[in-house]
Amino acid sequence: MSIRETVSSARPAPAGRAGEAARGTPDGRTRPRRRSRGLTAERLAPYVLVAPAVLIIVVLRLWPLLLGVNFSFTGDGDRNGTAVGFDNYLRLLDDPLFRQALRNVGLLVLLLPVAVAIPGLLATFIFLRVPGHRLYRSVYFFPAVLSPVIVGAIFNLLLAFDGPVNSVLGSVGLGPVDWLGDPDVAMFVVVGVHVWATFGMALVVFLAGFATLDAALLDAARVDGASLPQTIWHVIVPGLTRTIQFVFVTTMIGMLTSMFGLLYVMTSGGPEGSTYLPEYYIWIQQGQMNRPALASAASTALFVIMLVVGLLQLRLLRRTGRVD
């Protein structure tokens with residue numbers, strides 16, 4: 001070996017190369033720079049992916065909501081744009097129509113378990129493959145594709161005082177019922193029609209939840225001789241806790257915010273204001289009475305009601321041990 005080769009082999013490596021060698025040592029004591037950058041990009045990737053959706057929600061949902069809340073503290077008419085404090089909310093509490101709307105909200109909350117149980121039981125029967133389950137799946141989902149206006153028009157014809165339903169009741173010796181004209185009956189009829197028209201979506205959600213059930217548990221229940229109610233309560237319900245929670249919340253939101261079409265076509269808030277709901281009251285104040293600030297106050301109250309009812313439902317499910 002020559003003197004030049006000996007000197008060059010003994011010369012220390014440059015700092016950059018030495019650093020790369022140190023960073024690339026197999027013992028892994030020092031993390032490579034490229035790997036660090038890759039991990040940072042991997043951590044930021046979820047935030048980058050959800051950023052457009054968050055931006056859309058903030059711009060199209062949260063910002064208008066804040067503007068509406070702020071507008072609810074201003075006046076209407078001659079006091080347009082003037083700060084009035086809580087006057088609009090006090091007017092809501094003094095309005096008998098709004099109080100009736102709140103009572104109807106309470107009725108919807110009481111009927112909510114029924115509205116969730118119906119698609120849940122039907123999905124159970126379909127999952128257990130009762131005869132004709134494929135046909136039932138299509139039939140049950142069909143009303144969900146119909147417009148609320150069409151559904152309301154159909155049931156207006158069926159439930160008319162001289163309509164087919166009362167004709168069938170008369171043929172078996174029962175008197176006709178004023179389904180849409182009796183204040184004690186009309187709200188139940190509208191809610192029933194809404195449940196019939198919308199439970200198809202909840203049915204699909206339940207069927208998707210059944211796909212996550214452990215088939216071994218169902219087989220064990222059959223081997224142990226469990227009856228159908230026991231299987232539903234002790235196996236299916238605990239296995240679908242998250243699905244039930246989701247259906248409860250979405251059904252509640254639908255009942256409070258998606259019944260305007262039926263109300264408008266079937267009863268127009270009548271008879272005697274018995275079918276008023278907050279969303280219909282908001283439309284009346286904004287569209288017919290030209291009271292946008294009062295309508296904003298009613299919208300804010302509806303949002304608070306939905307939030308409180310949703311949180312109470314989730315708390316109730318947790319207390320019963322059905323949601324982790």
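Predicted model: local features only at pLDDT ≥ 70, side-chain atom pairs only at ≥ 80, totals over all residues.
1. Overall content. The chain contains 15 helices and zero strands. It comprises 324 residues, of which 34% count as buried. Among contacts in the chain with a separation of 6 or more, 66% are accounted for by residues 24 or more positions apart.

2. Geometry of α10 and α11. Two packed helices are described by the angle between their axes and the distance between the axes. Helix α10 spans residues 215-223 and helix α11 spans residues 228-239; their packing angle is about 155 degrees, and their axes lie 10 Å apart. Helix α10 is therefore roughly antiparallel to α11, because angles over 145 degrees count as roughly antiparallel. The crossing of the two helices, α10 and α11, is right-handed.

3. Residues in the α10 and α11 contact. From α10, the contact is made by Leu217, Leu218 and Ala221; from α11, Thr231, Val235 and Ile236 take part. Classified by residue type, the contact of α10 with α11 has five nonpolar residues, one polar residue and no charged residues.

4. Salt bridges in the model. Side chains of opposite charge can pair when their charged atoms come close. The structure holds two salt bridges, and each is treated in turn below.

5. Asp87 and Arg79. A salt bridge joins Asp87 to Arg79, with the closest N and O atoms 3.5 Å apart. This distance meets the criterion for a salt bridge, because the cut-off is within 4 Å. Asp87 has a relative accessible area of 31% and is partly exposed. Arg79 likewise counts as partly exposed, at 39% relative accessibility.

6. Asp219 and Arg222. The other pair is formed by Asp219 and Arg222, whose closest N and O atoms are 2.9 Å apart. Both residues belong to helix α10; they are three residues apart, so about one helical turn separates Asp219 from Arg222. With 41% relative accessibility, Asp219 counts as partly exposed. Arg222 has a relative accessible area of 54% and is exposed, because the class of exposed residues begins over 50%.

Technical notes: Residues numbered from 1 in each chain as written. Heavy atoms only, no water. Axes fitted to C-alpha atoms, helices over the stretch in contact; angles between N-to-C directions. Helix = DSSP H or I, 4+ residues; strand = E, 2+ residues; numbered from the N terminus. Parallel < 35°, antiparallel > 145°, perpendicular 65-115°, else oblique. Left-handed = near helix turned anticlockwise from the far one by under 90°. Contact = heavy atoms within 4.5 Å. Nonpolar A, V, L, I, M, F, W, Y, C, P; charged D, E, K, R; others polar. Salt bridge = Lys/Arg side-chain N within 4 Å of Asp/Glu carboxyl O. Buried < 20%, exposed > 50% of the residue type's maximum accessible area, 1.4 Å probe, protein only.
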